[in-house]
Amino acid sequence: MSGKVPTLSLRVPAGWEELTPQQLRVICRWSSLRTDRRTAQMKMFLDYNGLTLCRRAQRQAGWQKEYRVRTGGRRYWVPASVLRDGAAAFGFVYDSSGALPFCPLRGVPHNLFGVSFETYYSSDSQIYRYQQEGKAAYMARAVQLLTGSRRRLSSAGRAAVVIWWSGVRCWLRKKYPHVFSSDGDGGQVNPADTLLEILEALNNQAPQENERILQSETHYVLSSLENRIIQAEKLSKHARH
């Protein structure tokens, strides 16, 4: 019989890029509830590691408290500082946007490759309105546009889509900085305000081309627009000299 005492291994993600679909569901389960941030982050940390905090199980160990947790049929004492630091590691959920390596909507490319510009533009508009007004109908419309079918999402499911889309926005700003330069410091812009300008910049003064542009692949349109802006800036700079 071994006298080795089992140890508890705890993990925290470094950021959005390390999350799996199951782990994202854990985060959204708590971030979508009406609870304070501190409590939500602690729940995320515990749930992420498969831990359950035992009721009224705490003790004083030297200069700090320890709390008893349960996982896999075993119980462990964990210092309060470890729980506190673990919960703090989930601050990125509230403080940053990052690209997820997957899309929470099955069948939708996480980076929008292959998605038409019209679908991207319309979905962004609907998700923007959902974030501003909180009406589930806006999210339902965005999901229908992206997936081609009606899907009923829970509040956690909607939170997952917002997290994914926010990461997509952040990634697109970096990939096409000239296109999104008017966004400022990460501000959200309703694409309906700039759609006409985009079409006019790409249709070569032929409005009949607008439909073709809208049905073109998202990255093709954004890349074309990025190049047009760069060329225009070069010409403007050359003219000044």
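A residue counts as buried when its relative accessible area is under 20%. Phe92, at 10% relative accessibility, is therefore buried. The model is predicted. The protein chain has 10 helices and 3 strands.

**Overall build**

- Along the sequence, the elements of the protein chain run α-α-β-β-β-α-α-α-α-α-α-α-α.
- The C-alpha trace spans about 80 × 50 × 35 Å along its principal axes.
- The radius of gyration of the protein chain is 23 Å, while a compact globule of 241 residues would have one near 18 Å.
- Buried residues make up 41% of the 241 residues in the protein chain.
- Take the contacts between residues at least 6 apart in sequence: 63% of them join residues at least 24 apart.

- Strand E1 covers residues 52–61 and pairs with E2 in the antiparallel sense, over 6 bridges.
- E1 and E2 form a hairpin with 2 residues between them.
- In that turn, Gly62 has a positive phi of about 70°.
- Strand E2 (residues 64–71) also pairs with strand E3 (residues 74–79), again antiparallel and over 6 bridges.
- The hairpin of E2 and E3 has 2 residues between the strands, and Gly72 takes a positive phi near 55° there.
- Glu66 in E2 is the bridge partner of Arg59.
- Glu66 also stands opposite Pro79 in E3.
- In a regular strand, side chains alternate between the two faces of the sheet.

**The second largest pocket**

- Rolling a probe the size of a water molecule over the atoms shows where empty space is left.
- The second largest pocket has a volume of about 300 Å³.
- Its lining includes Arg38, Gln41 and Met42, along with Leu53 and Tyr67.
- Ala80, Leu83, Arg84, Ala87 and Ala88 also line the second largest pocket.
- Helix H2 (37–48) and helix H3 (80–88) each supply at least two residues of this lining.
- H3 gives the most, with 5 residues.
- By class, the lining has 7 nonpolar, 1 polar and 2 charged residues.

**Phe92**

- Where does Phe92 sit? Phe92 lies in helix H4.
- Is Phe92 buried or exposed? Phe92 is buried, because its relative accessibility is 10% and the cut-off is under 20%.
- Leaving out residues up to four places away in sequence, Phe92 touches Pro13, Gly15, Trp16 and Ile27.
- Phe92 and Gln41 are 51 residues apart along the chain, and their C-alpha atoms are separated by 9.9 Å.
- Gln41 is also one of the residues lining the second largest pocket.

**Cys103**

- Cys103 is found in the loop between helix H4 (92–95) and helix H5 (117–133).
- Why does Cys103 count as buried? Its relative accessible area is 14%, and buried means under 20%.
- Beyond residues up to four places away in sequence, Cys103 touches Val108, Pro109, His110 and Trp164.
- Cys103 and Val161 are 58 residues apart in sequence, yet 7.7 Å apart in space, C-alpha to C-alpha.

Conventions. Residues are numbered from 1 along each chain as its sequence is written. Side-chain values use heavy atoms; hydrogens and water are left out. Two strands pair if DSSP finds at least two bridges between them. Helices (H or I, at least four residues) and strands (E, at least two) are DSSP runs, numbered from the N terminus. On a 1 Å grid over the protein atoms alone, a cavity is a set of points where a 1.4 Å probe fits but cannot get out, and a pocket is an open set with protein on both sides within 12 Å along at least five of seven lines; lining residues have an atom within 4 Å of a point. Grid points are joined across faces, edges and corners, and a volume is the space filled by probe spheres set on the points. Ala, Val, Leu, Ile, Met, Phe, Trp, Tyr, Cys and Pro count as nonpolar, Asp, Glu, Lys and Arg as charged, and the others, Gly among them, as polar. The radius of gyration is taken over C-alpha atoms; the globule rule is 2.2 Å times the number of residues to the power 0.38. Buried means under 20% relative accessible area, exposed over 50%, partly exposed in between (1.4 Å probe, protein chains only). Contact means heavy atoms within 4.5 Å.
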